[in-house]
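Student: Here is a model I would like to go through. Can we take its charged side-chain pairs one at a time and check each label against its cut-off?

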Amino acid sequence: MAVPEALAGLTAIPGVRTAAELSPAAAVSPASAGLLTVLPPLARLLPGGGLRRGSTISLAGATSLVPALLAAATRDGSWAAVTALPELGLAAAAELGVDLERIALVPHPGAELTGVLSALVDGFDVVVLGPVAVQPQLARRLAGRVRNRGTVLLKVGPWPGADLELRVSGRRWHGLTPDGHGHLRTREVTATSYGRGSAARPSSVRLQLPGPGGMVAAGEPRERRLAEVAG
């Protein structure tokens with residue numbers, strides 16, 4: 001289903017809008033090898049180095065991981081939809097590299113959540129669902145739809161039977177002087193992935209999220225930081 005067709009089916013639901021003007025001729029673009037690209041610092045977290053079509057991924061610890069995962073995919077022509085996440089910051093998303101012209105927003109789906117999710121899964125490459133509770137039966141049904149359609153579902157918070165879980169921890173801001181003055185410039189975190197199959201062994205990376213200029217960057221190796229402190 002083309003993206004405009006999916007959006008047309010949602011126009012009766014109050015609150016549906018796009019992050020920028022959607023092109024009337026746009027359609028879901030297929031990704032090679034069944035993967036949607038991610039920014040290089042995030043590739044080590046994901047099996048195959050990208051977002052695998054047909055997979056469900058739960059995110060915990062930092063909402064900022066959502067736009068970071070969408071940045072490369074939207075830049076390369078994929079379409080994404082975000083629902084039940086009204087606090088998503090579009091300015092910060094743009095700094096991280098998200099193409100806002102390829103984002104559709106349904107901030108408050110309300111009682112129409114099931115119908116909204118079904119329509120979005122049918123029409124978009126990536127669907128982001130905010131921290132709303134989903135019953136296991138509905139989760140299984142939607143996961144099957146995600147697999148059949150080749151969509152990627154990113155769930156903020158737990159998702160029963162998720163193929164992969166990404167967790168952010170160890171946050172540390174940089175930029176303040178020892179006396180507490182200065183501007184916060186970067187935030188260093190540890191991102192860890194857990195999953196099934198090829199992702200059964202946990203993988204962790206250090207990230208600057210955000211890094212210089214609001215972008216995502218690789219964090220400094222722990223050994224280097226310890227050496228600097230010792231020196």
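This is a predicted model: local features need pLDDT of at least 70, side-chain atom pairs count only at pLDDT 80 or more; totals for chains, interfaces and linings use all residues.

Student: What makes the contact of Arg 145 with Asp 122 a salt bridge?
Tutor: The closest N and O atoms are 2.8 Å apart. The cut-off is 4 Å between a side-chain nitrogen of Lys or Arg and a carboxyl oxygen of Asp or Glu, so the pair qualifies. The partners sit in distant parts of the chain, 23 residues apart: Arg 145 in helix H6 (residues 136–149) and Asp 122 in helix H5 (residues 113–123).

Student: Why is Asp 122 called buried?
Tutor: Its relative accessible area is 15%. Buried means under 20%, so Asp 122 falls in that class. Arg 145 has 31%, which lies between 20% and 50%, and is therefore partly exposed.

Student: How do you know that Asp 122, Arg 145 and Arg 149 are linked in a network?
Tutor: Arg 149 also meets Asp 122 in a salt bridge, at 2.9 Å from N to O. Asp 122 pairs with Arg 145 as well, so the three residues are linked through salt bridges.

Student: What makes Glu 188 and Arg 206 a salt bridge?
Tutor: Their closest N and O atoms are 2.7 Å apart, which is within 4 Å, so the label holds. Glu 188 is in strand S10 (residues 186–195) and Arg 206 in strand S11 (residues 203–208), 18 residues apart.

Student: Why do both residues count as buried?
Tutor: Glu 188 has a relative accessible area of 3% and Arg 206 has 17%. Both values are under 20%, so both residues are buried.

Student: How many salt bridges does the structure hold?
Tutor: Six; those discussed here are among them.

Definitions and conventions
Residues are numbered from 1 along each chain as its sequence is written. Side-chain values use heavy atoms; hydrogens and water are left out. Helices (H or I, at least four residues) and strands (E, at least two) are DSSP runs, numbered from the N terminus. Buried means under 20% relative accessible area, exposed over 50%, partly exposed in between (1.4 Å probe, protein chains only).
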